[in-house]
Structure formats: structure tokens, C-alpha cells
Amino acid sequence: MRIFENANYNFIQWRWHAIAFSALIIVAGLVSIATRGLPLGIDFSGGTIVVLKFQQPVREDALRTALDAVPGEKVVQQYGESAANEWLVRLPEVTTEAGASLEQGARAVVDAVTKANVGQFEVISQEIVGPVIGADLQRKGIYATLASIVGITIYIGIRFRFAFAIGAIAATLHDVLVTLAVLTFFGYDLSLNIVAAILTITGYSVNDTIVIFDRVRENLRSKRRDSLEAVVNTSVNQTLSRTLITAGTTFMAVLALYVFGGEVLEGFAFTMLVGIISGTYSTVFIAAAIAIILSGKQAPGRPQAARKAS
Amino acid sequence: MGKNLRWKLLVILGVVALSVFAFYPPDQKVRLGLDLKGGVHLVLRVQTDDALRLLTDGTAEQLREQLRTAGLTGATVAPTSTTAFTVTGVPPEQDAVFRSALTTVELSYDRSSNGPGSYSFQMKPNIIVDNRESTVNQALQTIERRVNELGVAEPIVARHSAADQILVQLPGVTDVNRAKEIIRSTALLELRLVEQGPFPDEASAAQAYGGSVPPDIQIMPGRAEVAAAGQPAGAVYYALRRVPAVTGRDLRGATPQMDEYNRPAVGFNFNTEGAQKFGAFTGANIGRQLAVVLDGRVQTAPRIESRIDYDGRITGTFTAQEAADLALTLRSGALPASLTYLEERTVGPSLGAASVRAGVMAATGGLLLVMLFMVAYYKLSGFNALISITINLIILLGLMAYLGATMTLPGIAGFILTIGMGVDSNVLIFERIKEELATAKGVKQAVAAGFDRVFLTILDTHVASLISAAFLFQFGTGPIRGFATTLTIGLLSNVFTAVFVSRTMFELALSRRQATKLSI
């Protein structure tokens with residue numbers, strides 16, 4: 001059994017459409033981020049999250065009323081399955097660094113719920129992030145994402161040709177931006193786990209792209225007379241079944257994570273799912289297209305690319 | 001079976017056996033992170049400014065004393081910031097005497113002149129850096145001692161990313177607030193002579209000195225002796241000698257005790273040096289009051305009945321637990337500076353256990369789905385992929401246990417992505433073998449060509465993924481690091497299983513017969 005036996009789609013022909021389509025999603029995402037701001041989780045913005053597990057089911061409005069006593073803008077939401085009776089309460093950033101006030105919010109939540117007599121409960125998790133750590137993690141997250149992109153560019157630049165490196169990085173940046181856009185559409189807050197997923201996506205996306213570039217490099221040696229465009233298109237088609245099978249199986253594995261992995265990993269898994277789709281798409285449509293556009297004036301099929309291949 | 005093939009099989013079996021040996025039984029050998037085990041993660045900042053202020057105050061105090069003995073009574077020494085102080089009113093004719101008094105001060109402070117008889121002193125930059133550094137190290141050691149006394153298994157106390165931050169991880173701790181209090185309390189014990197007092201408020205204490213408190217006297221708040229007076233508690237203030245007679249540094253030990261009214265108290269005793277100082281001090285001050293000052297608050301101020309050498313006791317309204325905790329912090333020594341909490345993450349053991357279940361379920365589910373697909377799509381060759389992925393996971397677990405790497409919930413996600421990477425490499429190889437078969441080569445040649453051609457691709461993709469995993473490790477805190485670790489080890493072992501194990505399996509399958517067809 002083979003899917004796409006002797007596939008011969010003209011992907012490269014559609015490159016401008018693809019770029020326009022991606023640009024649309026990215027711009028929509030950027031506009032949404034510019035107007036509403038990037039929704040940051042407490043890892044980056046600072047703040048308090050308390051997760052309460054009740055012994056009996058509680059009504060949401062009862063819990064909200066109980067929490068009216070706690071000052072500030074609160075988020076109250078069900079945590080995990082509804083049968084678990086677990087509720088998450090999020091409080092905004094703590095303004096002072098003094099030790100006592102850092103945990104004040106969490107204590108106030110526990111006190112308020114105890115006092116309102118909503119039901120027997122225990123605190124199953126509590127996260128308090130001060131503004132110093134939040135700012136620190138923001139800086140590190142941006143640094144790690146950029147550094148990882150630069151590192152991969154350099155590696156591909158050495159192993160392939162420069163235009164390819166730019167193509168791969170354009171595809172990777174594309175995936176990061178599309179993923180961010182989709183995350184904001186679905187109302188996810190940026191957390192440490194989600195940034196980890198985005199960094200994983202950069203690795204995954206580049207991985208996919210390299211497979212095609214590798215084939216291009218190989219084909220450039222054997223099909224010297226064809227134009228670069230034709231060679232790239234052939235390579236994308238030759239690796240198409242691999243691209244889709246890998247994407248499909250990875251998607252299945254991550255889907256299992258999304259379904260069974262529990263509340264803590266849900267954002268991570270969702271980000272990975274979006275990233276896998278975007279990464280596969282960008283591998284086929286974006287990376288090669290940009291490599292070709294940038295190679296434009298270069299004589300096609302020059303063994304230059306093959307120089308480092310052996 | 002060729003000799004070569006036999007050797008390859010032996011290597012594979014050996015690696016699998018070693019890995020299983022390394023992680024079996026998993027509940028003892030695989031280290032779980034806080035998010036799976038439950039516990040608390042804290043990031044503290046050491047307020048190193050405290051230590052600098054202490055040094056500046058001390059130096060100013062010392063200089064004041066020196067100038068007084070040298071007869072420079074007109075000069076005033078006043079700290080202006082944590083690292084600077086000024087001296088004013090030095091008579092011009094005594095300038096030489098003043099300068100000769102500066103020899104020790106100028107080792108640590110730069111002097112500049114602000115006009116006749118007036119100088120400012122600024123701590124030298126390298127002294128500031130050294131001081132901050134040693135303060136953080138001292139704080140680290142003190143916290144380590146306290147955490148060890150708490151009896152937590154496998155705690156982590158380490159420097160954190162920024163220079164003045166300390167990371168503390170206490171797996172399995174449930175009473176978070178108590179742990180936090182114990183870590184944070186400065187536990188600076190001082191025994192000082194009471195000059196006057198108690199006073200009902202600070203102003204009346206100052207009034208006793210005609211409104212201006214002399215530099216060698218300090219007004220400190222205290223606790224009213226409720227039980228003795230039988231009256232409601234109110235604030236009291238004492239005028240104390242600024243320089244303590246003995247401090248907690250001279251303590252040898254501290255234990256929770258009961259006082260004469262059978263209330264919890266903390267007894268302490270001194271080392272030889274402390275005993276000498278304390279003995280001389282109490283001997284010279286019989287009949288006067290001695291203040292036991294803890295973290296800037298007078299706990300009790302008993303009258304000195306006789307010379308005391310070794311022992312003392314802190315009484316107050318402690319619960320038995322508080323007395324025990326205070327004894328613990330006194331034993332572990334005072335913190336050189338106060339601490340503030342920057343981050344706190346607590347995971348209850350029940351949530352941790354639920355996460356383990358969810359993670360294992362997700363990993364098993366993902367593995368099953370992927371395996372079903374591989375066998376359905378690649379038939380017998382799919383089993384080959386299945387074996388190499390399983391071996392990959394076994395090696396991953398084994399290496400993690402061997403290296404003492406911590407398994408976190410994102411780490412389980414790393415396992416699932418490792419499955420994905422393993423599948424990817426196998427798919428890459430299988431698809432290539434199919435292509436080679438289509439060009440009408442023999443089965444063995446097609447398999448060999450498939451592996452050879454794909455090797456570079458696998459190498460390139462893995463290096464690229466390793467680069468992003470490395471930055472992930474740099475970026476992350478505990479759980480994310482667990483993810484980066486798992487991913488890195490998984491990538492490395494995948495090169496072995498996808499290239500070496502999978503190929504050996506093919507060779508084994510093809511060695512028995514003159515193969516003309518391949519189930520792929």
C-alpha cells in the first residue's frame with residue numbers, strides 16, 4: 001500500500017497563494033494581539049492560581065459569590081472534568097515583592113471560600129509568581145525562541161545553502177506566528193508549557209523541512225538539467241507520503257496527550273496539534289517556495305548545494 | 001546467521017538488558033519531579049542590601065568609637081545609604097589624627113572630601129560584589145541546614161538564574177507555610193544590655209534621653225510580659241545598648257524546653273568563646289536587665305541574678321511547634337540577610353498522582369495508536385518499527401534513571417514526542433526502501449540503499465531538533481527542563497534504534513531466506 005504513489009502535484013505553482021493565505025492568518029493574529037494584547041498566563045504576567053478540589057459538587061455562582069470578598073479581578077473556571085469538582089481561581093499580578101503579600105491572594109481565596117461555607121475542599125495546587133520572575137521568564141522565553149531559530153539557521157546554512165536556511169527559518173517563524181494566532185483565537189494564555197510546545201514546534205517544523213531540502217540536495221546532483229523549481233517540486237512530491245504519514249502519526253500521539261493528558265498538559269498538547277498542522281503545511285508550501293524565490297537569480301541546479309553533501 | 005549479525009544482536013540485547021537493569025523497578029529508580037510527586041517549589045531573593053547596610057553601620061560604629069578614643073569628639077559619623085557614610089565636623093588641626101584612624105576603613109571604602117572637615121566614604125565596588133556573593137552563599141548554606149533538619153527527602157537548594165536568587169524544592173512537603181516560615185525566619189539572636197525601659201511607646205523612650213537618643217543606644221520594640229502582669233498585651237519599648245554582648249553566632253545549640261510555668265520555651269547554650277564573653281558580661285552586670293532580642297524584637301528581658309556562662313532561655317508565648325521551629329532555626333544559624341519569596345508553586349500529592357495516571361494513559365494510548373497504524377500500513381515491516389520504538393523507550397527510561405534525570409509531566413510529553421520521532425525515522429527509511437524497490441533492485445540492496453541514503457537526513461533532522469532542545473533546557477525551570485532532558489535523550493537513543501536496531505532487524509529477517517519480496 002502506498003498513498004500518493006508517483007505523486008506529482010505542482011505545489012510550487014501555488015506558492016504565492018500559499019504565502020498570501022499564511023500572511024492573512026498571521027496578520028489577523030497580529031492584529032488581535034496588537035489590539036487585545038498577548039494573553040499572558042501567570043508564568044509571565046505574575047499572579048496567583050489556586051486550584052480547589054471540593055468533596056461535593058458546588059455551584060459556580062456560589063463559588064463566585066464567596067470570592068467577592070477577595071479584591072481584584074478574578075477568573076473562576078472549572079478545572080478538568082466536571083465530575084472532579086475541581087475549580088481554578090486566578091488572581092492578577094501581585095504588586096509588591098514583600099514575602100507576606102506574595103501569598104496574600106492565595107490565603108484570601110482559601111479564607112473566603114472557607115468562610116462562605118461552600119463545601120469541604122482542599123487546595124490541590126497553588127502557584128504564585130511574583131513580577132520579577134514573570135519578567136525574567138518573559139525575557140528568557142523570547143531569548144530561547146530566537147536563539148533556537150538562529151542556531152538552526154546557522155546549522156542549515158552550513159549544511160545546505162543560505163537561501164535554504166532562510167526558507168527553513170521563514171517556515172519556522174511562520175509556524176510560531178500561526179500557532180500564536182490560533183492560540184489567541186481559542187483564548188489560551190501563554191504559559192511556560194505553551195512556550196515549551198512552541199519551541200518543540202520549531203524543532204519539528206525544521207525537521208520536516210530538512211527532509212525535503214535533503215531530497216532537493218540529492219536531486220540537484222542527479223537532475224542537473226532541470227530548473228530549481230522543477231527539482232524542488234519533484235522533491236516535495238517524492239517525500240509527500242513521508243511528510244503526511246509522519247504528521248499523521250505524530251498528530252495521533254499528541255491527540256492522545258490532548259485527550260488523556262489532563263488539564264495541566266492540555267494547552268501544551270493543543271499547541272502541538274496546531275503546530276503539527278502548520279508545520280506540515282509550511283514544509284510543503286512555504287519553506288521550498290521561499291528558498292526558490294531567494295535563489296531566484298542563481299543558475300539552477302548548480303552543484304553548489306551538493307558541495308557539502310558528501 | 002552471519003557472525004556479524006550475531007554480534008549486532010548481542011549489542012542490542014546488551015543495551016536493552018542494561019537499560020532495564022537501570023530503571024527496574026521504576027517506582028524506585030525513576031526520579032519524579034515535583035509536579036508528579038507533589039511538593040513545593042520556591043524561589044527566594046536574598047536581600048543582599050541588608051548585609052551591606054550591616055557592614056556600613058558596623059564600620060561607621062567602629063569609626064565613631066575610634067574617633068572618640070582619639071579625642072575627636074566634634075566629629076559626627078552618619079550612614080547615608082547601604083554602602084556609604086559621611087563624617088562631618090573634623091577640626092582642621094586634627095585632620096592628621098583623623099586620617100590615621102582610617103587605615104582599616106579605607107581597606108573597604110573610598111574616601112572623598114566634601115570641603116573642610118567633611119568627608120564621604122563609599123564602599124569599593126569589588127567589596128560590594130564580594131559581599132553580595134558571600135551573603136547569598138551564606139544564606140544558601142543556612143537554608144540547606146534548615147531544610148536538612150526538616151527531614152525532607154531529596155531536597156534541592158541551589159543558586160537560581162539571577163545572582164541573588166535561591167531555588168528551593170521540597171518534594172513531598174505538605175505543610176508549605178511552616179516550611180516557608182522556617183526557611184525565611186532570619187533567626188538573628190542578640191543578647192543586649194537594657195539601659196532603660198520598658199516604655200509604653202517609642203516617643204517616651206526617646207524622651208528619657210531628652211529627645212535625642214545617643215548613638216550607642218538603640219530603641220527596640222518588645223513584647224509586654226503578659227503572664228506576669230496579668231494585663232492585656234501592649235507594645236513596649238526598651239532602650240538597649242547598640243552593640244550586643246553576644247549574638248547567635250556564638251551559639252552551640254538550641255533545644256525546645258518548658259519554662260517554669262510549663263510553657264514551651266527555647267533553651268540555648270554557647271560555645272567556649274561565647275561562654276567567655278557571656279560570663280564576663282553577666283558577671284559585670286549583675287542586677288541589671290538583659291534583653292533577649294530575636295530578629296529585632298525583645299522577647300524577654302530578665303534581671304541578671306548571677307554570673308551565667310553557658311545557658312540561656314527564650315521564653316514567650318510560643319506553641320510547642322513554634323518553639324521547636326525556633327530552636328531549629330537558631331541551631332542552623334542566622335541568615336545574613338532577609339529573604340523574600342519571588343515564586344511559589346505547590347502541587348498536592350493527589351494532583352501529582354492524577355497527573356502520573358493521565359501521563360501514563362496518554363503515553364500508552366499514543367503508543368498503541370501509532371503502533372496500530374504502523375502495522376496496518378507497513379505490515380510486517382511495521383513490527384520492525386514497533387520493536388525499534390519500544391527499544392528506544394526502554395533505553396530512554398534506562399538512561400534517565402542512570403543519569404538521575406527527573407521525570408516531569410512535560411517529560412511524559414517528551415516521551416510521546418520521542419515516539420513521534422521514532423516513527424518519523426522509520427517512516428523515512430521505509431518510504432525510501434519502497435522507492436528503491438520500485439526501481440527494481442533486489443530486496444537486500446533496496447534495504448541497504450534505503451538506510452544509507454536516509455542516514456544523512458536522519459542526522460540533519462536530529463541535530464536540528466537537538467539545537468532547539470538545548471535552548472529549551474537553557475530556558476526552562478524544573479518541569480520544562482524535564483521535557484528538554486527527555487527529548488534530548490530520546491533523540492540520541494533514536495539515532496541508535498532507528499539506524500542500527502531497525503537495520504539489524506531487517507537483516508535478521510532477510511538472512512534466513514533468499515528474499516524476493518518484502519512485506520512493507
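Trainee: Which residues have the most contacts inside the largest nonpolar core?

Mentor: In this predicted model, they are Leu257(A), Ile416(B) and Leu472(B), within a core of 225 residues.

Trainee: And what contributes the largest share of this core?

Mentor: Helix α11 of chain A, residues 262-295, supplies that share with 18 residues.

Trainee: Back to Ile416(B): what is it in contact with, leaving aside neighbours within four places in sequence?

Mentor: From chain A, Ile416(B) is in contact with Ala253(A), Val254(A) and Leu257(A). From chain B, the contacts are Ala362(B), Ala363(B) and Gly366(B).

Trainee: Turning to the strands, in what order do the eight strands of the open sheet run?

Mentor: The order is β2(A)-β3(A)-β1(A)-β4(A)-β18(B)-β2(B)-β8(B)-β7(B), with antiparallel pairing. The twist from one strand to the next averages 20°.

Trainee: How many bridges join β7(B) to β8 of chain B?

Mentor: There are four, in the antiparallel sense, and β8 covers residues 165-171 of chain B. Within that pairing, Val157(B) has Val168(B) in β8(B) as its bridge partner.

Trainee: Which strands does helix α8 of chain B lie across?

Mentor: Helix α8 (residues 176-184) lies across β2, β8 and β18 of chain B, at about 25° to β2(B).

Trainee: What about chain A overall: how many helices and strands?

Mentor: Chain A has 11 helices and four strands. Of its 310 residues, 49% are buried. Among contacts in chain A between residues at least 6 apart in sequence, 80% join residues at least 24 apart.

Note on methods: Residues numbered from 1 in each chain as written. Chains lettered and ligands numbered in written order. Predicted model: local features only at pLDDT ≥ 70, side-chain atom pairs only at ≥ 80, totals over all residues. Helix = DSSP H or I, 4+ residues; strand = E, 2+ residues; numbered from the N terminus. Buried ≥ 20, exposed ≤ 12 C-beta atoms within 10 Å, placed from the backbone. Contact = placed C-beta atoms within 7 Å. Core = buried A, V, L, I, M, F, W, Y, C linked by C-beta atoms within 7 Å. Pairing = 2+ DSSP bridges. Axes fitted to C-alpha atoms, helices over the stretch in contact; angles between N-to-C directions.
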